[in-house]
Amino acid sequence: MSENAISTPMVFKNYKVFRYTLAGRPLVVETGKMAGLANGSCLVRYGDTAILCCATASVRPRDGIDFLPLSVDYDERMYAAGKIPGGYLKREGKPSEKAVLTSRVIDRPIRPLFPKDLRNDVALTLTVMSVDPECSPEITAMIGASIALSISDIPWNGPIGGAHVGLIDGKLIINPTEEQQKKSDLQLTVAASMKKVVMIEAGANEVDDDTMYDAIMLAHREIKDLLVFVNAIVDEIGKPKFEYPSCELDHDMFDEIFAFCEKDLMVALDTDDKNVRDARVAPIYDAIVEKFSDKYEGLAGMMEELLYKMQKKIVRRWLLVDKKRVDGRRMDEIRPLAAEVGLLPRVHGSGLFTRGQTQVMTAATLGTLGEAQMLDGIDSETSKRYMHHYNMPGFSTGEAKSTRSPGRREIGHGALAERSLVPVLPSEEEFPYAIRLVSDVVSSNGSTSQGSVCGSTLALMDAGVPIKAPVAGISCGLITAEDGSWDVMMDIQGLEDFYGDMDFKVAGTHKGITSIQMDLKVDGLTPEIIKAAFEMTHKGRDYIIDEVLLKAIPGPRAEVSRYAPKMTTMKIDPDKIREVIGKGGSVIQKITAESGAKIDIDDDGTIRIAALNGDSAEIARAAIAAIAYDPEVGTVFEGKVTGIKDFGCFVEYAPGKECMVHISKIAKTRIDKVEDVLKMGDIVKVKYMGFDQKKGRMEFSIKDALD
């Protein structure tokens with residue numbers, strides 16, 4: 001190679017570094033070095049956590065849609081935690097459940113801040129490249145996503161910031177470390193703009209409303225300081241936002257069509273039955289198309305958005321001006337409720353919870369701790385014994401669509417219900433079972449996630465799981481006016497969720513909150529709205545617990561289902577584990593085959609035996625005890641003759657353990673040959689006579705066992 005062919009060192013002319021201290025740890029934002037072809041990009045470092053955040057947008061809007069095509073992908077790279085992926089392919093596959101949940105947490109506060117009429121594809125890709133357990137990659141990614149969008153030319157009304165809050169020994173802590181999180185009674189995530197809170201997600205150990213409110217306000221104060229730093233970055237390197245063709249409906253067309261069908265649409269919407277409403281709206285749809293399709297070209301393609309906006313205008317006017325709800329309820333009134341347990345005879349526990357036209361059936365299954373879910377991710381969590389899965393098939397909303405694998409929404413709702421119930425579950429020591437709940441939505445008209453929380457409490461108690469307290473979930477809605485006035489409403493149904501401004505879901509016990517998830521369609525909440533939502537949801541969950549759940553089943557059943565495995569726990573010397581397992585697992589497999597029980601062994605010598613009946617568990621327990629414990633003199637065992645010699649016989653008195661019985665100890669009378677009284681495979685009883693120090697072995701007798 002000639003000297004002239006050597007390349008010159010790369011110079012990054014636009015490279016910038018911005019520094020901030022967040023909760024006592026360095027936050028460093030680097031721009032201008034990587035991902036230069038994205039509309040906006042930055043590498044954000046929080047401690048040793050590093051995430052590449054890229055925002056891109058299509059040049060032209062997508063045709064034929066009435067929504068913002070936004071995607072948020074939180075991509076975990078296993079190398080970030082110094083791990084090689086498990087499985088055959090040894091590369092990252094589909095996102096982990098935690099990655100999906102993080103994508104949702106970041107999506108929710110970002111989405112409402114885009115212009116309502118933007119139809120360009122927008123993609124946020126957040127690649128986790130290094131993980132410091134002390135510095136949350138989720139919060140780092142949220143901050144990085146906000147910076148990438150803010151400095152890009154993509155139209156967006158940010159920035160926002162994010163923070164975690166923990167509660168340790170009664171003290172609130174911003175962005176707790178991994179060790180602090182293990183002791184924390186609160187795992188709160190807050191996203192906020194300079195003026196308002198835009199997203200709340202929490203899991204809590206029955207934290208009271210006032211403490212939760214204080215935690216949210218503390219997070220907002222920290223975020224406002226952070227946003228001063230972010231705005232300084234935007235002022236220095238932010239790009240002008242690009243112009244885009246507005247996809248908003250023509251105002252004159254909207255006003256003319258609305259005047260034509262307003263009265264009919266009001267009559268159609270004035271019912272508490274979703275099926276009746278849909279049936280009434282159908283002929284209005286046809287009448288609009290027939291009358292206006294010649295006048296307005298492409299009307300058929302705009303009808304879904306047109307109907308949505310006309311219904312929204314009516315419903316919001318009713319709520320704001322008339323204080324009228326679609327189904328005639330007061331603003332603080334819950335729909336009719338019902339609860340049942342024990343509907344499915346063979347499952348370990350089941351509960352059906354009904355709220356208006358929303359119905360959720362939850363089934364509980366109990367298994368051994370060996371059936372806990374193994375996790376392969378970038379954090380330190382490797383398994384979980386409690387799993388909650390949520391399904392919402394098409395028939396639940398009256399739609400004709402085939403069942404598919406769970407999407408982000410289903411994963412998110414299952415995780416929310418799971419988080420709601422974790423604080424009341426018994427410990428492994430109290431209840432040594434793995435627990436799986438499956439919530440199947442059989443009818444949906446709003447707030448199915450909170451319906452699954454209530455149905456799950458019923459199923460757990462029906463299964464005999466000794467939960468500490470019943471948990472109920474309820475949602476609270478919001479309606480806001482242009483003049484700043486607002487009102488909250490209890491238990492929103494589907495129409496109020498679609499056309500309202502908030503879905504504020506809170507689950508908890510009488511004592512306190514166990515989970516929160518808040519979805520917004522406006523630019524944020526004031527402290528007054530948050531307080532009102534807490535007060536309303538607390539009254540709602542108290543009512544559901546006392547008047548519905550505890551009247552269906554007053555407490556956990558005294559025993560688990562006859563179809564659930566029965567658990568027996570024993571402890572052995574860890575040095576004996578190898579003997580219990582045997583070479584290649586031969587001994588434990590034999591015990592399992594002969595007893596029919598499932599056996600889990602921990603490294604500390606704890607053994608858990610699961611069986612469908614007590615006899616099966618006792619057979620397994622006795623077999624393990626015979627191997628692991630030194631027998632007391634006089635103990636009698638039953639075993640099989642496995643060898644015959646001139647001097648005596650060998651008897652397998654426990655799986656993998658044999659004893660030698662001298663010919664003189666076989667029969668009450670003198671015998672010349674062992675074969676005169678025994679043959680291979682005979683089942684005999686042997687008695688332990690003690691340890692012979694001279695011979696250096698344990699002594700057993702058949703004739704003494706005959707007594």
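Student: Which residues of E20 are buried on one side, and which on the other?

Tutor: In a regular strand, the side chains alternate between the two faces of the sheet. In E20, Met502, Phe504, Val506 and Gly508 are buried on one side, and Asp503, Lys505 and Ala507 are buried on the other. Buried denotes a relative accessible area under 20%, exposed one over 50%, and partly exposed the range in between, with a 1.4 Å probe and protein chains only. The model is predicted: local features need pLDDT of at least 70 and side-chain atom pairs count only at pLDDT 80 or more, whereas totals for chains, interfaces and linings use all residues. Residues are numbered from 1 along each chain as its sequence is written, and side-chain values use heavy atoms, leaving out hydrogens and water.

Student: How many residues does the protein chain have, and how many helices and strands?

Tutor: The chain has 707 residues, of which 53% count as buried. Its secondary structure comprises 14 helices and 29 strands; helices (H or I, at least four residues) and strands (E, at least two) are DSSP runs numbered from the N terminus. The C-alpha trace spans about 115 × 80 × 50 Å along its principal axes. Among contacts with a separation of 6 or more, 69% involve residues 24 or more positions apart, where contact means heavy atoms within 4.5 Å.

Student: Which strands pair with E20, and in what sense?

Tutor: Strands of a sheet pair through backbone hydrogen bonds, either parallel or antiparallel. Here two strands are taken as paired if DSSP finds at least two bridges between them. E20 (residues 502–508) pairs in the antiparallel sense with E18 (residues 472–480) over seven bridges, and Ile474 stands opposite Val506. E20 also runs antiparallel to E21 (residues 513–520), to which seven bridges join it; Phe504 has Met518 as its bridge partner there. E20 and E21 form a hairpin with four residues between them.

Student: In what order do the six strands of the open sheet stand?

Tutor: The order is E1-E2-E3-E4-E6-E5, with mixed pairing. E1 (16–22) and E5 (70–76) are at the edges with a single partner strand each, so one side of each has no neighbour in the sheet. From one strand to the next, the twist averages 15 degrees. E5 and E6 (residues 120–130) pair in the parallel sense over seven bridges, and Asp73 stands opposite Thr125 in E6. H4 lies across E1 and E2 (25–31), running at about 170 degrees to E1.

Student: At what angle do H4 and H11 pack, and how far apart are their axes?

Tutor: Two packed helices are described by the angle between their axes and the distance between the axes. Axes are lines fitted to C-alpha atoms, for helices over the stretch in contact, and angles run from 0 to 180 degrees between N-to-C directions. H4 (residues 209–237) and H11 (residues 527–552) pack at about 150 degrees with their axes 11 Å apart. The two are therefore roughly antiparallel: angles under 35 degrees count as roughly parallel, over 145 as roughly antiparallel, 65 to 115 as roughly perpendicular and the rest as oblique. Their crossing is right-handed, that is, the near helix is turned clockwise from the far one by less than a right angle, anticlockwise being left-handed. Among the residues that meet are Tyr213 and Ile216 in H4 and Phe534 and Arg541 in H11. This contact divides into seven nonpolar, one polar and three charged residues, where Ala, Val, Leu, Ile, Met, Phe, Trp, Tyr, Cys and Pro are nonpolar, Asp, Glu, Lys and Arg charged, and the others, including Gly, polar.

Student: Which residues of H13 and H14 meet?

Tutor: H13 (residues 586–595) and H14 (residues 614–628) pack at about 150 degrees, with their axes 9 Å apart. H13 is thus roughly antiparallel to H14. Val587, Ile591 and Ser595 in H13 meet Ser616, Ile619, Ala620, Ala623, Ile624 and Ile627 in H14. By class, that contact has seven nonpolar, two polar and no charged residues.

Student: Is Asp169 buried or exposed?

Tutor: Asp169 counts as exposed, at 79% relative accessibility. Although not a glycine, Asp169 has a positive phi of about 55 degrees.
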